Amino acid sequence: MKRVIAYLLVASLLATGLMAQEQARALQQDETAPLALEEGDKAKLQFAASTHELIMTRLAEGQYESILPEYRKILALQLSGSFDERLTQGAWLIVDELRTEGQYDLAHSVIKETLSRVSDVDSRWELLILQGKTYKEQGLYGKAIASLEEARKLRPQNHPDQ
């Protein structure tokens with residue numbers, strides 16, 4: 001099931017460039033509609049998607065030393081705000097593979113650096129859950145609990161007693 005979700009998310013990231021082109025074409029036909037993505041954003045998304053695929057390939061090859069420098073290239077694009085969800089999905093896929101390979105320090109670096117870039121509450125919540133799961137997998141239950149409690153604080157209205 002994890003693999004199916006992972007492939008769907010990767011496909012989503014890779015298709016971003018194609019979707020951006022399709023959206024732009026559709027909107028160009030309606031001159032009254034605002035352009036969904038500016039050309040610079042489209043190029044950034046395409047660069048991010050290809051860099052993400054490069055990261056996943058290097059992970060498969062065990063080239064761990066190149067992962068964080070490549071990931072920082074995506075973060076340097078400053079794709080935040082409306083792109084937080086995509087950035088979070090990409091980080092989740094990378095971290096999931098790193099966890100599979102036992103590369104926990106690197107996984108935590110990706111999570112922390114992504115957390116420092118996203119502002120969307122849903123994205124921050126997902127990353128904190130991922131951080132908690134990673135700590136739990138390592139047997140670092142105190143840190144796992146702290147991350148999960150921080151995530152819960154972002155969504156206190158979901159508690160049935162409130």
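**Reading the model**

A: Let us begin with one residue of this predicted model. Beyond its neighbours within four places in sequence, Ile94 contacts His52, Ile55, Met56, Leu59, Ile67, Tyr71 and Val110.

Q: Which residues of the largest nonpolar core touch the most other members?

A: In soluble globular proteins, nonpolar side chains tend to be buried together. Here the largest nonpolar core has 29 residues, and those touching the most other members are Ile55, Leu59, Tyr71, Ile94, Leu98 and Val110. At least two core residues come from each of helix H2 (39-60), helix H3 (67-75), H4, H5 and H6. H4 gives the largest share, six residues.

Q: How are helices H4 and H6 oriented to each other?

A: An angle under 35 degrees counts as roughly parallel. Helix H4 (residues 84-100) packs against helix H6 (residues 121-138) at about 10 degrees, and their axes are 9 Å apart; H4 and H6 are therefore roughly parallel. On the H4 side the contact includes Trp92 and Val95, and on the H6 side Leu127 and Leu130. The residues of this contact comprise six nonpolar, three polar and six charged.

Q: Where does pLDDT stay under 50?

A: Where pLDDT is low, the predicted coordinates should not be read in detail. That applies to residues 1-36, where pLDDT stays under 50, although the model has 33 contacts beyond four places in sequence for them. For the chain, the mean is 80, with 72% of residues at 70 or more.

Conventions
Residues numbered from 1 in each chain as written. Heavy atoms only, no water. pLDDT = per-residue confidence, 0-100. Contact = heavy atoms within 4.5 Å. Axes fitted to C-alpha atoms, helices over the stretch in contact; angles between N-to-C directions. Helix = DSSP H or I, 4+ residues; strand = E, 2+ residues; numbered from the N terminus. Parallel < 35°, antiparallel > 145°, perpendicular 65-115°, else oblique. Nonpolar A, V, L, I, M, F, W, Y, C, P; charged D, E, K, R; others polar. Core = buried A, V, L, I, M, F, W, Y, C linked by side-chain atoms within 4.5 Å. Buried < 20%, exposed > 50% of the residue type's maximum accessible area, 1.4 Å probe, protein only.
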